[in-house]
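Me: I would like to go through this model with you and ask what stands behind each label. Could you show it to me?

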Amino acid sequence: LTTKGRYAVTAMLDLALHSGAGAVCLGDIARRQEISLSYLEQLFSRLRRRGLVASVRGPGGGYRLRRAAADIHVAQIIDAVDEAYEATACEGRGGCQRVGEICITHDLWDDLSQQIHTFLSAITLAELVDRSDVQRVSRRQHERDVRLRAGDIVVTALA
């Protein structure tokens, strides 16, 4: 899996964790997850086109899940940002060794790619949100975010 797929899943999980308060600003996701805002904008454009998120305009705007977290699978998120689960060296196209010829381990790595897709197709955002380890990390990120914002307010007040 590439960084693009990992970031998309991370951002969608953050959105699911914080969507109870309404639309979530991409800037907040960027800060909590330490992902470039411009990169998130590109990812969310793709996620919106694939019907996984909806944009909310105006004050308090941002993004929200378009469907229930229980109806969004991790594989759908990765597929939405045009990522593959490809473990083969030839990226599934064949021609591992010569034009059109596959190597002796092609089918092994292709089977692994299918197993990864099947595994990620069985996990929903809701299941991830309910995990205690995810909840623990989310609380830590929230506390760090509150401290950072408090520091910004102090610096702004002193300026």
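Reply: Let's begin at the end of helix 2, which is followed by Glu34, a residue with a positive phi near 55°. Everything here belongs to a predicted model, in which local features need pLDDT of at least 70 and side-chain atom pairs count only at pLDDT 80 or more, while totals for chains, interfaces and linings use all residues. Residues are numbered from 1 along each chain as its sequence is written, and side-chain values use heavy atoms, leaving out hydrogens and water.

Me: Why is Glu34 called exposed?

Reply: The relative accessible area of Glu34 is 59%, and exposed means over 50%, with buried under 20% and partly exposed in between (1.4 Å probe, protein chains only). Glu34 is therefore exposed.

Me: And Ile35, buried or exposed?

Reply: Ile35 is also found in the loop between helix 2 and helix 3, but its relative accessible area is 5%, so it is buried. Not counting residues up to four places away in sequence, Ile35 touches Tyr7, Thr10, Ala30 and Leu40, a contact being heavy atoms within 4.5 Å.

Me: How do you know that helix 2 is largely enclosed by the rest of the structure?

Reply: Of its eight residues, six are buried, so the helix is largely enclosed. Those six are Leu26, Asp28, Ile29, Ala30, Arg32 and Gln33.

Me: Why does Ile29 count as buried?

Reply: Ile29 has 0% relative accessibility, so it falls into the buried class. It belongs to helix 2 (residues 26–33). Leaving out residues up to four places away in sequence, Ile29 touches Ala11, Asp14, Leu15, Val24, Glu34, Leu40 and Phe44.

Me: What makes helix 1 roughly perpendicular to helix 3?

Reply: Helix 1 (residues 3–18) and helix 3 (residues 37–49) pack at about 80°, and their axes are 10 Å apart. Axes are lines fitted to C-alpha atoms, for helices over the stretch in contact, and angles between N-to-C directions run from 0 to 180 degrees. Under 35 degrees counts as roughly parallel, over 145 as roughly antiparallel, 65 to 115 as roughly perpendicular and the rest as oblique. That angle therefore makes helix 1 roughly perpendicular to helix 3. Helix 1 brings Thr3, Lys4, Tyr7, Ala8, Ala11, Met12 and Leu15 to the contact, and helix 3 brings Tyr39, Leu40, Leu43, Phe44, Arg46 and Leu47. By class, there are 10 nonpolar, one polar and two charged residues; Ala, Val, Leu, Ile, Met, Phe, Trp, Tyr, Cys and Pro count as nonpolar, Asp, Glu, Lys and Arg as charged, and the others, Gly among them, as polar.

Me: Which residues lie nearest the centre of the second largest pocket?

Reply: His18, Asp28, Arg32, His142 and Asp145, out of 13 lining residues. This pocket holds about 190 Å³ of space. Helix 7 gives the most to its lining, with four residues, and the lining has five nonpolar, three polar and five charged residues.

Me: Why are Ile72 and Thr124 called buried?

Reply: Ile72 has a relative accessible area of 0% and Thr124 is at 7%, so it counts as buried, as Ile72 does. Ile72 lies in the loop between strand 2 (62–65) and helix 4, whereas Thr124 is in the loop between helix 5 (106–121) and helix 6 (125–130). Beyond four places in sequence, Thr124 is in contact with Ala69, Ala70, Ile72 and His73.

Conventions: Helix = DSSP H or I, 4+ residues; strand = E, 2+ residues; numbered from the N terminus. 1 Å grid on protein atoms, 1.4 Å probe; cavity = no way out; pocket = protein on both sides within 12 Å on 5 of 7 lines; lining within 4 Å. Points joined across faces, edges and corners; volume = space filled by probe spheres on them.
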